[in-house]
Amino acid sequence: MTPRQPAVALVGPTASGKSALAHAFALESGGNVEILSVDAMSVYRGMDLGTAKPTRGERAEVAYHLLDLVSPSNEFTVAQFQRAARDATKELWDRGHGALYVGGTGLYGRAVLDDLDIPSRYPEIRQQLEARAESELPSLFEELRELDPLAASRLEASNARRVVRALEVTLGSHRTFSSYGEGLLTYGPVRVVQIGLDCDVEILNERIATRFRRWMDEGLLEEVRRLASAPGGMGRTARQAVGYKELLRHLEEGAPLEKCVDEAIAQSRRLVRRQRSWFRRDPRIEWFSDGDSATARLREVLSSFNGFVRE
RNA sequence: GGCGGCGUGGCCGAGCGGUUAGGCAGGGGCCUGCAAAGCCCCGUACUCCGGUUCGAAUCCGGACGCCGCCU
């Protein structure tokens with residue numbers, strides 16, 4: 001997807017204020033700009049409060065995409081997200097509208113913005129590899145090093161998931177895993193301008209804590225209970241979501257609620273750290289710490305598309 | 001006032017003569033089909049002052065500070 005069409009991305013850690021900014025901007029565009037969420041957990045239907053999804057009211061004001069794609073009982077992956085994002089983008093461009101990607105899931109963002117060539121899946125091979133990974137990870141890594149030294153050099157031998165995947169693809173596709181792309185450490189030319197929004201850690205931590213307590217007041221626990229007891233329950237991926245994971249521990253294992261709430265807040269802080277370290281290394285991101293200048297830059301980028309937005 | 005106990009890095013917490021305990025928090029890094037996931041790396045701290053000793057966080061004395069109990 002090489003955008004000769006209006007597109008811009010807004011990235012940054014959770015609670016940095018990207019969503020509110022994006023919503024205000026889209027609203028101001030009078031429907032010209034539509035929002036595409038780049039968030040691994042907002043794709044699950046019913047996971048609303050804890051993923052800070054736009055409300056019904058907000059969704060009536062601005063067109064949102066890539067939310068509520070599947071049931072939480074399903075598993076969802078980058079490749080599916082990439083397809084959905086391509087389709088949604090094309091569809092909105094066809095209508096002459098601009099795409100504003102907003103979210104904090106780094107890998108999902110890169111899959112779409114850099115148009116990564118994501119190798120397919122080979123479940124039979126994978127199953128065997130996973131079984132072996134438990135006891136003989138070192139020899140799996142050795143195997144990878146022989147078959148695809150480049151991929152091996154990009155991974156840490158102790159990372160079972162990544163080693164298994166690289167081997168799965170190499171064995172299954174008869175092509176080295178590394179042949180699918182340069183890896184995530186290299187960055188190509190800017191296809192879509194990425195605007196980063198961040199703020200002071202202390203402020204972020206404070207916001208995370210108050211936001212989570214507010215969600216609890218608004219019924220997050222009920223939401224989790226409902227999802228967990230729904231037909232299919234919550235799948236492997238959905239139940240990893242920060243907040244959901246901790247509340248499930250309370251509901252299913254009887255862990256003290258207050259402890260789970262604290263833990264969820266602490267986990268959010270760790271999430272912020274990882275998000276930062278992910279985004280920080282992409283040299284193409286233009287960072288802003290205040291909403292107004294970020295908005296000004298958004299406007300500027302989109303107006304470069306033949307006066308797509310008027311100043 | 002007396003008696004007893006304790007005083008370890010941001011927090012928790014082992015060690016009781018000679019290795020960096022460890023956990024949490026925090027920081028840095030890696031990762032193309034679980035990514036809000038997964039993986040790796042990073043801490044010389046023992047309240048203070050004397051003493052014993054080749055060597056003390058560890059033993060002795062004192063000071064200070066906590067916590068108990070007693071009068």
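1. Asp68 and its setting. Asp68 is partly exposed, with 16 other C-beta atoms within 10 Å. In this predicted model, Asp68 is found in the loop between strand 3 (64-65) and helix 3. The backbone there deserves a remark: phi of Asp68 is near 55 degrees, a positive value in a residue other than glycine.

2. Asp115. Asp115 belongs to the loop between helix 4 and helix 5 (123-147).

3. Overall form of chain A. The secondary structure of chain A amounts to 12 helices and six strands. With a radius of gyration of 20 Å, close to the 19 Å that the globule rule gives for 311 residues, chain A is as compact as a globular protein of that length. Its C-alpha atoms fill a box of roughly 60 × 50 × 35 Å along the principal axes. Of the 311 residues, 37% count as buried. Among contacts in chain A between residues at least 6 apart in sequence, 76% join residues at least 24 apart.

4. The six strands form an open sheet in the order 3-2-4-1-5-6, with parallel pairing. Strand 3 and strand 6 (286-288) stand at the edges and have a single partner strand each, so one side of each is left without a neighbour in the sheet. As background, strands of a sheet pair through backbone hydrogen bonds, either parallel or antiparallel.

5. Strand 2 (residues 33-37) and strand 3 run parallel and are joined by two bridges. Within this part of the sheet, Leu36 stands opposite His65 in strand 3.

6. Strand 5 and its partners. Strand 1 (residues 7-11) runs parallel to strand 5 and is joined to strand 5 by four bridges; the bridge partner of Ala9 in strand 5 is Gln194. Strand 5 also pairs with strand 6, in the parallel sense and over three bridges, and here Leu197 has Phe288 of strand 6 as its bridge partner.

7. Burial of strand 5. Strand 5 (residues 193-197) is mostly covered, as five of its five residues are buried. Which residues of strand 5 point one way, and which the other? Val193, Ile195 and Leu197 point one way, while Gln194 and Gly196 point the other way, and all are buried.

8. Helix 9. The buried residues of helix 9 (residues 220-229) are Leu220, Val224 and Leu227. They cover an arc of only 65 degrees around the axis, which puts them on the same side of helix 9. An α-helix has 3.6 residues a turn, so residues three or four places apart point the same way. The cover over the buried residues of helix 9 includes helix 8 (201-217) and helix 10 (244-253). On the face turned away from the buried side of helix 9, the exposed residues are Glu222, Arg226 and Ser229.

9. The surroundings of RNA strand B. RNA strand B is surrounded by 55 residues, and the closest are Ala40, Thr51, Ala79, Gly181 and Leu184. Helix 3 (78-94), helix 4 (106-113), helix 7 (160-173) and helix 11 (257-280) each supply at least two residues of the surface near RNA strand B. The largest share, 10 residues, comes from helix 11. By residue type, this surface divides into 21 nonpolar, 17 polar and 17 charged residues.

10. Pro138. Is Pro138 buried or exposed? With 11 other C-beta atoms within 10 Å, Pro138 is exposed. Pro138 lies in helix 5. The C-alpha atoms of Pro138 and Gly232 are separated by 36 Å, and these two residues are 94 residues apart along the chain.

Note on methods
Residues numbered from 1 in each chain as written. Chains lettered and ligands numbered in written order. Predicted model: local features only at pLDDT ≥ 70, side-chain atom pairs only at ≥ 80, totals over all residues. Near = placed C-beta within 6 Å. Nonpolar A, V, L, I, M, F, W, Y, C, P; charged D, E, K, R; others polar. Rg over C-alpha atoms; globule rule 2.2 N^0.38 Å. Buried ≥ 20, exposed ≤ 12 C-beta atoms within 10 Å, placed from the backbone. Contact = placed C-beta atoms within 7 Å. Arc of directions from axis to C-beta. Pairing = 2+ DSSP bridges.
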